[in-house]
Amino acid sequence: MRDSGQRRKMDCWWVFRLLLLCYGEQILAQLRYSVPEEMKLGSVVGNVAKDLGLDISTLANRRFRIVSGSNDALFQLNHNNGMLYVQKNIDREELCDGVTACLINLKVVVENPLEIHYVGVEITDVNDHSPTFPESEQRLEIAEHIPPGTRFQIHAARDPDVGIQSVRFYRLSSNEMFDIDVRDSEEDKIPFLVLKKPLDREQKAEHYLVLTALDGGSPPKSGSLNLTITVLDANDNRPLFSQDTYTVTLYENAPIGTLVIKLNATDLDEGPNSAIEYTFGKTQKKKVYDTFALDSITGEIRVKGNVDFEDTEVYRLDLQASDKGQPPWTAECRVVIKIKDVNDNKPDIEITSLSSVVPEDSKPGSVISLISVTDGDSGVNGKVICTISGNVPFGLTPSIQENMYSLITKGRLDRETVSYYNITIIATDCGQPPLTTVKPLSIQVADVNDNRPNFSQSPFELYLVENNAPGASIFSVSASDDDLNENAVITYHIVRDGWQQGDMASFLNINSENGIISALKSFDFETLKTFHFQVVATDSGTPSLSSNVTVNVFILDQNDNAPVILYPVSANGSAEGVEEIPRNVNAGHLVTKVRAYDPDIGYNGWLLFSLQEVSDHSLFGLDRYTGQIRTLRSFTETDEAEHKLVILVKDNGNVSLSATATVIVKAVEPKEAFAASDVKSAANVEEESNVTFYLIITLGSVSTLLLISIIALIVMQCSKPTDYSPKYLQDTNYDGTLCHSIQYRSGDKRYMLVGPRMSIGSTIVPGSNANTLMVADRRRASEERLLVLYELYVYR
């Protein structure tokens with residue numbers, strides 16, 4: 001074997017061509033190296049990077065590699081130095097048996113930018129095989145009357161090596177009777193034994209010779225065949241073929257039993273000496289025996305096995321025709337069967353994916369895969385057209401090398417619309433009829449953070465009952481993101497900036513993972529009725545995207561306030577008062593009115609009055625809606641002078657709350673009643689002036705007041721009211737207690753009176769802290785009006 005320097009000696013040529021592909025340039029070059037077979041593992045074939053003009057320092061980042069080739073495992077590329085090494089043992093005879101030029105085609109790819117290079121490695125032959133004969137010994141029977149110069153075909157030696165390394169000549173052992181003659185055929189050298197002198201069986205019946213075959217190696221290798229020649233008598237005519245070589249054409253895939261050719265050999269002898277038997281030559285390859293059958297009697301050659309043009313284009317059959325004389329005569333001929341191609345091979349599609357996942361923001365023209373299409377047929381049957389079926393945002397661009405394509409994007413991708421593409425690549429040859437191969441290719445579109453979180457509604461409205469438990473969850477917001485994985489992982493937070501709303505947001509907390517909002521304090525409707533804050537949802541993509549939503553919070557009232565007695569109220573703050581009335585009042589006289597207030601709204605603030613305790617039920621009556629206490633009849637002599645009334649004030653909540661007020665009613669004589677009135681007036685004056693001035697005024701007014709008292713008594717006795725009756729209390733259609741209700745309509749506030757006898761539409765429009773409602777009493781002849789003053793907490 002040659003030394004390392006000689007083995008790396010190569011015939012290196014290359015052709016550079018430029019191709020504008022998609023949006024960038026891809027430079028494709030073709031190199032060719034020549035290396036002998038049986039090189040040691042790790043031997044250098046050539047410096048591919050240097051020969052291609054590539055920067056060695058960028059090979060690793062550019063993924064310098066071999067991407068295809070049926071024999072790419074034989075070689076290995078080192079992306080550190082750009083060298084092409086032998087990776088496996090190379091046996092030329094195993095790779096290219098019977099082929100003169102053994103060429104291994106490799107496809108080399110570098111990325112960023114994408115470049116495809118084609119490297120051809122020619123495997124040269126070395127003399128690693130010796131010539132061999134099919135048998136170690138051959139026997140020949142030759143009649144003694146055979147004339148000198150007669151040739152006898154003997155076994156040909158075979159050598160798997162090619163060219164000069166194959167069988168070059170034969171050498172016969174030294175003798176006086178025979179010589180060796182060699183006939184060159186298309187593939188090998190066929191030896192013939194030539195008789196030099198007439199044979200004499202009586203002198204020597206058998207001859208023993210040794211035939212040696214030598215190849216052209218240096219030094220040459222050899223193989224030997226032992227020849228045993230038996231001298232016979234008889235049969236002096238040999239069979240004759242009509243021609244030495246027959247040439248026929250046969251379509252591939254011919255059915256078994258198809259007649260290829262019928263041989264015809266003649267013999268001038270008669271009887272058994274002219275009976276001819278046809279046989280294959282002993283040097284035929286096994287493939288001939290597997291493919292064709294020979295009828296030894298008729299000479300017909302028929303198809304026996306599969307005839308494949310792609311496997312073998314030409315069959316060469318060596319045939320013999322032997323008569324049955326003693327000794328038999330033999331004639332030789334050759335039949336050349338040329339196989340004609342039929343379009344029987346579908347195209348083969350090979351896909352080299354550069355990436356299994358394509359980002360959805362890939363620009364049009366991005367290369368996704370390399371597609372190589374091959375067809376085992378020849379000529380027009382091997383021409384292939386490659387297309388993509390369906391309306392997909394992908395296309396094929398041809399390469400400078402025939403049947404090479406690049407799969408590129410030709411439109412924008414959107415994973416949220418289509419996340420997965422099943423592409424069908426169709427390869428159709430140009431034969432008649434054409435054959436088609438379909439190969440699916442799956443492309444996964446990778447997600448890019450291009451979608452903001454989306455709230456299920458905007459804005460959110462939260463109706464929260466007051467007195468909520470601090471720390472408990474009160475609401476939940478939810479947003480969705482059409483992206484995937486971390487791009488769709490959403491976190492929530494509350495915006496806490498701002499002067500007014502910041503105070504309320506500071507009392508709220510939100511779970512950043514699930515959007516559950518909890519209140520850190522308990523809210524009071526009577527203090528705060530509504531507020532709003534903002535929640536921001538942010539995904540976890542890079543860069544992250546966010547969106548916000550406003551949450552409007554409306555506090556709902558609870559019946560958490562008991563009624564407050566406004567009147568009567570004693571000096572010490574208790575709900576107790578004393579009322580003095582003349583004994584001569586008639587039925588229906590207004591004794592007093594109990595006034596109460598409830599901070600709640602709606603039914604929670606609607607108050608009802610009832611007598612819880614009264615000394616005489618027949619004397620006093622209480623209006624349950626207004627709180628007015630009136631006499632049911634006139635006083636009699638037997639009636640007591642002092643009566644105690646306990647009034648229960650109760651709201652209409654689900655769990656009602658109540659308060660009580662006590663009114664002491666004293667029935668006095670008319671004069672005493674007026675005196676009591678004077679005392680009350682004097683007490684009021686005393687608060688406005690000093691005691692001395694009050695006494696002077698009182699003494700000066702005694703006579704005047706006495707006169708006025710007499711006149712008033714006369715007027716009261718003479719006037720008899722007609723509309724005062726116990727039934728009046730039940731028919732009163734105005735309510736002395738103002739109950740307010742708030743209707744939330746997109747944040748607007750509306751206040752109204754709520755009561756069983758209120759007419760629809762009686763409302764108080766917010767705008768001031770004190771509001772006045774006038775309700776008419778339809779029972780009275782005069783247009784008496786009741787003025788109700790109520791202070792509302794108005795929140796805008």
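Mentor: Start with a definition: a salt bridge is a side-chain nitrogen of Lys or Arg within 4 Å of a carboxyl oxygen of Asp or Glu. Keep in mind that this is a predicted model.

Trainee: Why is the pair of Arg 62 and Glu 115 called a salt bridge?

Mentor: The closest N and O atoms of Arg 62 and Glu 115 are 3.3 Å apart. The cut-off is 4 Å, so the pair counts as a salt bridge. By this rule the count for the structure comes to 16.

Trainee: What makes Arg 62 and Glu 115 a link between distant parts of the chain?

Mentor: Arg 62 sits in the loop between α2 (48-52) and β4 (65-68), Glu 115 is in strand β8 (residues 115-124), and the two are 53 residues apart.

Trainee: How do you know whether Arg 62 and Glu 115 are buried or exposed?

Mentor: Buried means under 20% relative accessible area. Arg 62 has 14%, so Arg 62 is buried. Glu 115 has 9% and therefore counts as buried too.

Trainee: Why is the pair of Asp 311 and Lys 287 said to tie together parts of the chain?

Mentor: Asp 311 and Lys 287 form a salt bridge, with 3.5 Å between the closest N and O atoms. Asp 311 is in the loop between β22 (300-303) and β23 (314-322), while Lys 287 is in helix α4 (residues 286-291); these places are 24 residues apart in sequence, so the pair ties them together. Lys 287 has a relative accessible area of 35%, which lies between 20% and 50%, so Lys 287 is partly exposed.

Trainee: What are the accessibility classes of Glu 416 and Arg 415?

Mentor: Their side chains meet in a salt bridge, at 3.0 Å from N to O. Glu 416 has a relative accessible area of 25% and is therefore partly exposed. Arg 415, at 8%, is under the 20% limit and so counts as buried.

Trainee: Which residues are linked in a network of salt bridges?

Mentor: Arg 63, Arg 65 and Glu 111 are linked in that way.

Trainee: What makes the phi of Asn 112 worth a remark?

Mentor: Most residues other than glycine have a negative phi. Asn 112 has a phi near 55°, a positive value in a residue other than glycine. Asn 112 is found in the loop between β7 (102-110) and β8, and at 62% relative accessibility, over the 50% limit, Asn 112 counts as exposed. Asn 467 also has a positive phi, near 65°, and is found in the loop between β34 and β35.

Trainee: Why is the aromatic pair of Phe 133 and Tyr 170 called tilted?

Mentor: The structure holds twelve aromatic pairs. In the pair of Phe 133 and Tyr 170 the centres are 6.3 Å apart, within the 6.5 Å limit, and the angle between the planes is 55°; stacked needs under 30 degrees and edge-to-face over 60, so this pair is tilted. Both Phe 133 and Tyr 170 are buried.

Trainee: What makes the pair of Phe 280 and Tyr 289 edge-to-face?

Mentor: Their planes are 75° apart, which is over 60 degrees, so the pair is edge-to-face; the distance is 5.3 Å centre to centre. Phe 280 counts as buried at 15%, whereas Tyr 289, at 32%, counts as partly exposed.

Trainee: Which residues touch the most other members of the largest nonpolar core?

Mentor: Val 477, Phe 533 and Val 535 do, in a core of 29 residues. Apart from it lies another core, of 28 residues, among them Ala 254 and Tyr 278.

Key. Residues numbered from 1 in each chain as written. Predicted model: local features only at pLDDT ≥ 70, side-chain atom pairs only at ≥ 80, totals over all residues. Heavy atoms only, no water. Core = buried A, V, L, I, M, F, W, Y, C linked by side-chain atoms within 4.5 Å. Buried < 20%, exposed > 50% of the residue type's maximum accessible area, 1.4 Å probe, protein only. Helix = DSSP H or I, 4+ residues; strand = E, 2+ residues; numbered from the N terminus. Phe/Tyr/Trp six-rings, centres within 6.5 Å; stacked < 30°, edge-to-face > 60°.
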